[in-house]
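This briefing covers surface, confidence, strand pairing and cores for the model shown here. Please read it alongside the sequence and the 3D view.

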Amino acid sequence: MKIVTGYRGTPHITANAMQAFNQGIFGPGNHILDIGERFSATIVNASTIAVHDGEGVIQGVHFRIEPGEVETVSITPGTAGYARHDLICARYTKDQSTGVEDVSLIVLEGTPASGTEPEEPAISTGDILNGATVCDYPLYSVLLDEMTPILKRRAAQGFALSQNIKQALTPTVGTPGEGGCFCFKTLSEVVVRVCIDSGLTPGEYANAIITLPPGYRPEYPIYGSNEHSTYSVFEDGAVNVYPSHTFAVIEIRFNVFS
């Protein structure tokens, strides 16, 4: 047995030990931490995409684009009459001779296809703790419909817990009746639960009973369950309820990335 986070008088904390520790916290998959710009991306032009700052984990390996910084990747222009799927990935590498590890942004280029849906390129996977030397974490897919790039955030395998979303929420002004609302985050979802004890009018909409947390809408697919009502979620994050009783319980779950 070895102590890791304790004084030993000589250097003894290894990258492998910290990777294992991070896996114990975040799980063995890939994750984006809820801080900074979360690697948001924008299309600069037909051949350039900018990726903004963020913090991520690939199988316990922490990587980042530092706060306020932006990195760009180049996309090979499309071909008239063809479509192509590319992937923007964070790629982990390990030099077998020196043991030096790194993470960098890369673009994996797909094969152009005509008349059929183009396939995404293959990614490299492996168990980093057990010596894998290459591992890809797809952050975005880029569909080139002939010459035009279409950017879509990939589904994150996980999304690390953050304190800024673990908060008690109160319904917005004008909420009918007395009730409560709270919001929490799992590793891959944000969950909003609204409880209204009374005051609803069956068959009439109660408007904007809650507004989803800023920055978590509307790009994420929303699904949920409800009791004694149906609900709608609008582009501004407002949730409207159409009740069948004077009370309702609504639970809304949405993936952190679409």
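The protein chain exposes about 13600 Å², and carbon and sulfur atoms supply 53% of that area; accessible areas come from the Shrake-Rupley method with a 1.4 Å probe, and for residues only the protein chains shown count as cover. This is a predicted model, in which local features need pLDDT of at least 70 and side-chain atom pairs count only at pLDDT 80 or more, while totals for chains, interfaces and linings use all residues. Residues are numbered from 1 along each chain as its sequence is written, and side-chain values use heavy atoms, with hydrogens and water left out.

**Overall make-up**

- The protein chain holds 1 helix and 16 strands; helices (H or I, at least four residues) and strands (E, at least two) are DSSP runs, numbered from the N terminus.
- Of its 258 residues, 38% count as buried, meaning under 20% relative accessible area, with exposed over 50% and partly exposed in between (1.4 Å probe, protein chains only).
- Among contacts (heavy atoms within 4.5 Å) between residues at least 6 apart in sequence, 61% join residues at least 24 apart.

**Confidence**

- The chain averages a pLDDT of 79, and 76% of the residues score at least 70; pLDDT is the predictor's confidence in each residue, from 0 to 100.
- Among the elements, β6 has the highest mean pLDDT (97) and strand β9 (residues 167-169) the lowest (35).
- Over residues 156-179 the pLDDT is below 50, and this stretch has 64 contacts in the model beyond near neighbours in sequence.
- Where pLDDT is low, the predicted coordinates should not be read in detail.

- Strands β5 (residues 83-94) and β6 (residues 101-108) run antiparallel and are joined by 8 bridges; two strands pair if DSSP finds at least two bridges between them.
- Leu87 has Leu108 as its bridge partner in β6.
- There are 6 residues between the strands of this hairpin, where Gly99 takes a positive phi near 80 degrees.

**Nonpolar cores**

- A nonpolar core is a set of buried Ala, Val, Leu, Ile, Met, Phe, Trp, Tyr and Cys residues joined through side-chain atoms within 4.5 Å.
- The largest has 21 residues, of which Ile49, Ile58 and Tyr137 touch the most other members.
- At least two residues of this core come from each of β3 (48-58), β4 (61-74), β5 and β7 (134-145), and β7 gives the largest share, 6 residues.
- Leaving aside neighbours within four places in sequence, Ile58 contacts residues including Phe63, Tyr92, Val103 and Tyr137.
- A second, separate core of 10 residues includes Val192, Val194, Leu200 and Ala248.

**Asp34**

- Asp34 lies in the loop between β1 (30-32) and β2 (41-45) and is buried, with a relative accessible area of 9%.
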